[in-house]
Amino acid sequence: DFSIDLEPQMKTITVPEGKLYQAIKTTQFAMAQNNPRYYLNGMLWSLQDSQLQVVATDAHRLAQRSMTIDSTETASLIVPRKTIIELGRLLVEGSEKSVTVGFTENQLFLKGGVYQLTSRLIAGHFPDYQKLLPKEASRIAIVDRNLFKEALSKLTPLVKQEVHRGVRLEFSRDALKLKVSNSKQETGEESVSIQYQRDQDEAFSIAFNIEYLDKILDVLPQGEIRLTLPLEEGVTLLEQHHSPKDH
């Protein structure tokens with residue numbers, strides 16, 4: 001057992017086990033692996049204002065999830081990739097119990113009902129991910145997650161063997177067209193109905209790695225998702241869409 005007596009500098013919080021499991025499972029895909037910027041090879045756990053934010057990025061994509069916790073602690077911990085993968089195995093999906101998380105400047109301790117884990121933390125400063133998130137939304141698209149994923153799945157085989165597995169998304173008034181092409185001059189196109197809000201009336205297109213998009217859709221819940229698109233070039237934000245009646 002770890003205890004405050006054994007670790008005088010340790011701070012502790014309690015976290016809902018099921019919510020921590022969900023947060024890890026829906027963000028770990030964006031962690032880097034063997035990146036020379038070692039602080040990306042893990043997941044940020046940021047404690048502030050009674051919130052635990054978990055954030056992962058490999059510098060190409062970023063995933064974030066937050067939960068409310070009963071704590072006033074403020075801390076920034078970078079938990080190693082290997083530890084995150086192990087927690088994904090230990091934590092119980094859907095559990096309504098709580099786990100105890102203890103941490104010092106360089107170590108993490110976690111204790112659940114029938115397990116406990118100790119890990120070193122990664123030293124360094126995680127990127128200021130808040131600066132990466134779009135602040136102004138001049139283009140917003142609302143699309144059904146399942147229809148979007150189905151369209152991507154139909155196009156993926158055409159680019160599976162390509163070095164650059166790109167898909168172009170073309171947004172117009174009421175439709176999203178997805179287009180791919182490969183080195184054999186084969187092309188594919190799918191169309192999905194959307195709600196498209198924009199300041200200007202012109203169409204807009206942007207390209208993505210098709211596997212990155214598919215991974216994101218894997219962890220988003222069923223229902224409508226919201227895409228906040230950049231003015232020209234920049235970050236695109238995908239998140240669960242809540243209609244006004246949900247609030």
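This briefing walks through the fold of the chain above, from its overall build to a few single residues.

The model is predicted, so to speak of local features a pLDDT of at least 70 is needed, side-chain atom pairs count only at pLDDT 80 or more, and totals for chains, interfaces and linings use all residues. Residues are numbered from 1 along each chain as its sequence is written, and side-chain values use heavy atoms, with hydrogens and water left out.

The chain holds four helices and 15 strands; these are DSSP runs (helices H or I of at least four residues, strands E of at least two), numbered from the N terminus. Of its 247 residues, 44% count as buried. Here buried means under 20% relative accessible area, exposed means over 50%, and partly exposed lies in between (1.4 Å probe, protein chains only).

**Overall build**

- The C-alpha trace spans about 65 × 45 × 30 Å along its principal axes.
- Looking at contacts between residues at least 6 apart in sequence, 65% join residues at least 24 apart; contact means heavy atoms within 4.5 Å.

**Strand β2 and its partners**

- In β2 (42–48), six of the seven residues are buried, so this strand is largely enclosed by the rest of the structure.
- On one hand β2 runs antiparallel to β5, joined by six bridges, and W45 stands opposite L77 of β5. Two strands pair if DSSP finds at least two bridges between them.
- β2 also runs antiparallel to β3 (residues 51–57), this time through five bridges, with Q48 opposite Q51.
- β2 and β3 make a hairpin with two residues between them, and D49 in the turn has a positive phi of about 55 degrees.

**Helix α2**

- T83, I84, L87 and G88 are the buried residues of α2 (residues 81–90).
- Viewed down the axis of α2, these buried residues fall within an arc of 145 degrees, so they line one face of the helix; the arc is that of the directions from the helix axis to the C-beta atoms.
- The face turned away from that buried side carries the exposed residues K82 and R89.
- The buried residues of α2 pack against α1, β2, β5 (75–80), β7 (107–111) and β8 (116–120).

**The seven-stranded sheet**

- Seven strands form an open sheet in the order β13-β10-β11-β12-β9-β14-β15, with antiparallel pairing.
- At the edges stand β13 (204–209) and β15 (237–240), each with a single partner strand, so one side of each is left without a neighbour in the sheet.
- Neighbouring strands of this sheet are turned by 30 degrees against each other on average, direction ignored. Axes are lines fitted to C-alpha atoms, for helices over the stretch in contact, and angles run from 0 to 180 degrees between N-to-C directions.
- Within the sheet, β9 (residues 139–144) and β12 (residues 187–198) pair in the antiparallel sense over five bridges, and I140 has Q197 as its bridge partner in β12.

**Helices lying across that sheet**

- Helix α3 (residues 145–159) lies across β9, β10 (166–171), β11 (175–181), β12 and β14 (224–229), and runs at about 15 degrees to β11.
- Helix α4 (residues 210–219) lies across β10, β11, β13, β14 and β15, and runs at about 85 degrees to β13.
- In α4, I210, L213, I216 and L217 are buried. Seen down the helix axis, the buried residues of α4 fall within an arc of 125 degrees, so they line one face.
- The cover over the buried residues of α4 includes α3, β10, β11, β13, β14 and β15.
- N209 caps the N-terminal end of α4, with a side-chain oxygen 2.8 Å from the backbone nitrogen of E211.

**Two residues to look up**

- N41 sits in the loop between α1 (17–25) and β2, and counts as buried at 16% relative accessibility.
- The side chain of N41 reaches the backbone oxygen of N35 at 2.9 Å. A polar contact is a pair of N or O atoms within 3.5 Å; within protein, one must be able to donate a hydrogen and the other to accept it, and residues adjacent in sequence count only if both atoms are side-chain atoms.
- L158 belongs to helix α3 and is partly exposed, with a relative accessible area of 23%.
- Leaving out residues up to four places away in sequence, L158 touches V180, N182, E186, T187 and G188.
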